[in-house]
Amino acid sequence: MNEKFNDVPLDDDTTILYERILKDDKYEALYQIWSWEGITAQCMIFLETDVEELSDNDLEKIVKSLIAIDEKTKFDIKRNAKGYTFVNFSLDEK
C-alpha cells in the first residue's frame, strides 16, 4: 500500500473487508469497505494536508468521481483524525 496511508487509525473492533488505493489526476484516497458492530459501510480516506482547503461538498464530488455511488448517498465526514480525513458513506445497519 502507498506509504501515505500506513498510519491510518483503525478501531480495534472494526474489520476491514476490502481496501485499495483510488486516484484521479489530482487526489489519492484509500477506499475501504468496513464492518463494525453490525454496520457495514464504505469510506474514502484522504491525507488531511491534501484536502484541508476543500469543502465537504468538494470532498463528496471527489468521492463520486472515484467510485460509482447513488447520487442520493449521504456522507459523514470526519476531518483531521490523526492526520486523515474520513468520508464515510453507504452505511448499512443490520
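Mentor: Let's begin with tyrosine 18, which counts as partly exposed because its relative accessibility is 38%. On this scale buried is under 20% relative accessible area, exposed is over 50% and partly exposed is in between, with a 1.4 Å probe and protein chains only. Before going on: this is a predicted model, so local features need pLDDT of at least 70 and side-chain atom pairs count only at pLDDT 80 or more, while totals for chains, interfaces and linings use all residues. Residues are numbered from 1 along each chain as its sequence is written, and side-chain values use heavy atoms, with hydrogens and water left out.

Now look at tyrosine 31, which counts as buried at 7% relative accessibility. The structure has three aromatic pairs. In one of them, the ring centres of tyrosine 18 and tyrosine 31 are 6.1 Å apart with the planes at 70°, so this pair is edge-to-face. Because tyrosine 18 sits in strand 1 (residues 15-23) and tyrosine 31 in strand 2 (residues 28-36), the contact ties together parts 13 residues apart in sequence. For the cut-offs, rings of Phe, Tyr and Trp (its six-membered ring) pair if their centres lie within 6.5 Å, and planes under 30 degrees apart are stacked, over 60 edge-to-face, the rest tilted. Strands are DSSP runs of E, at least two residues, numbered from the N terminus.

Leucine 22, for one, has alanine 29 in strand 2 as its bridge partner, and a hairpin of four residues joins strand 1 to strand 2.

On the other hand, follow strand 2 onwards and you meet strand 3 (residues 39-47), again antiparallel, over seven bridges. Here tyrosine 31 comes back, with methionine 44 in strand 3 as its bridge partner. The hairpin between strand 2 and strand 3 has two residues between them, and glutamate 37 in the turn has a positive phi of about 45°.

Conventions. Two strands pair if DSSP finds at least two bridges between them.
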